[in-house]
Amino acid sequence: MPFTDEEGVHYFKVLILGDSDTGKTALRRHFIEGKHPNVLRPTMGTDFGYKTVRLGSIIVKLGLWDVSGKERFANVRRLYYHYCNGAILVFDLTRKDTLFNLGKWILELVESTGHSVPCVLVGTKYDLRDKIYQDFSRDKVLNFAMRLSMYIGSLGITIPFIETSSISNYNVSRPFTELAYIMHRIVDHCP
Ligand SMILES: Nc1nc2c(ncn2[C@@H]2O[C@H](COP(=O)(O)OP(=O)(O)O)[C@@H](O)[C@H]2O)c(=O)[nH]1
Ligand SMILES: [Mg+2]
C-alpha cells in the first residue's frame, strides 16, 4: 500500500528499471524538468526525483527511483525494491538485447518485493526511426507485454507498452501517468 499524507494524497514509490544506456535517466529527468537534460551522467548507484501528477481531479505523488543498471550496483539496488508500488520497465528500441534482458529485471523485482507489482513497458529512442525494431518486431514486444501481464498477475490489466523519445519529446509523461492511474485504481479496489 502507498503512503498517504494528511490530505489523503497517495504517495507511490516507483522504480525505473532496465539495462544501462537505455535512457532511464533521460526519461525521468525530462518528465520532472520538462525538457531533455543538457548534461547526462551515468547513474552511480541510485538517483531520486519526485513529481506530483494530476489524473483528472485526483492528485498523486510519485517518488521516482532511477536505479543504476550496472552489475556492480546490484547489491545496492536490491535495497530499493522494498515498499515499491510500481515499476517502469525500460528497453531501447534500437537494441533487442535490452528487451530480452528485462526478464532478469522482472525476476529481480518479483524476488525482492515478494509480491506482484503494477508495471508499464517502455521502449525508448523512438526518434531513431531507421534503427528501431531491427531483428525484432512491435508484435513481439506486445506479445512480451501480454506474457508479462500473466506472469506478474496485474489485476487483469494488460501491461501497457509505450514508445517514447526523450529527445523529440514524444510520450515522455505517458508511462508515468498510465502507471499512476493503474496504481491508483489498485488502491481504490483495496479497502
Ligand atoms: N536518440 C535518443 N537518445 C537518447 C534518448 N534517451 C536517452 N538517450 C541517450 O542515451 C544515452 C543513455 O541515456 P541515460 O538516460 O543516461 O540512460 P540510462 O543509463 O538508462 O539512465 C545518453 O547518451 C542519452 O543522451 C532518446 O529518447 N533518443
Ligand atoms: Mg541512468
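I began with valine 14 and, leaving aside its neighbours within four places in sequence, found it in contact with Leu62, Gly63, Leu64, Trp65, Asn85, Gly86, Ala87, Ile88 and Leu179. By contact I mean that two C-beta atoms, placed from the backbone, lie within 7 Å.

I note that this is a predicted model, in which local features need pLDDT of at least 70 and side-chain atom pairs count only at pLDDT 80 or more, while totals for chains, interfaces and linings use all residues. Residues are numbered from 1 along each chain as its sequence is written, and chains are lettered from A and ligands numbered from 1 in the order in which they are written.

**Strand pairing**

I next looked up strand 2 (residues 10-17) and found seven of its eight residues buried, so the rest of the structure largely encloses it. Buried requires 20 or more other C-beta atoms within 10 Å of a residue's own, exposed 12 or fewer, and partly exposed lies in between. Strands (E, at least two residues) and helices (H or I, at least four) are DSSP runs numbered from the N terminus; two strands pair if DSSP finds at least two bridges between them.

I recorded two bridges between strand 2 and strand 1 (residues 3-4), which run antiparallel. Phenylalanine 3 has tyrosine 11 as its bridge partner there. These two strands form a hairpin with five residues between them, and glycine 8 in the turn has a positive phi of about 85 degrees.

With strand 4 (residues 58-67), strand 2 runs parallel, joined by seven bridges; tyrosine 11 has lysine 61 as its partner in strand 4. Strand 5 (residues 86-92) is also parallel to strand 2, through four bridges, and leucine 17 is partnered there by leucine 89.

**Core**

I then examined the largest nonpolar core, which has 37 residues; Val14 and Leu17 are among those with the most contacts inside it. Such a core is a set of buried Ala, Val, Leu, Ile, Met, Phe, Trp, Tyr and Cys residues joined through C-beta atoms within 7 Å.

**Ligand 1**

I found 17 residues around ligand 1, the closest being Gly23, Lys24, Thr25, Ala26 and Ser166; a residue is near if its C-beta atom, placed from the backbone, lies within 6 Å. Helix 1 (residues 24-33) gives the largest share of this shell, three residues.

**Glycine 56**

Lastly, I located glycine 56 in the loop between strand 3 (46-55) and strand 4.
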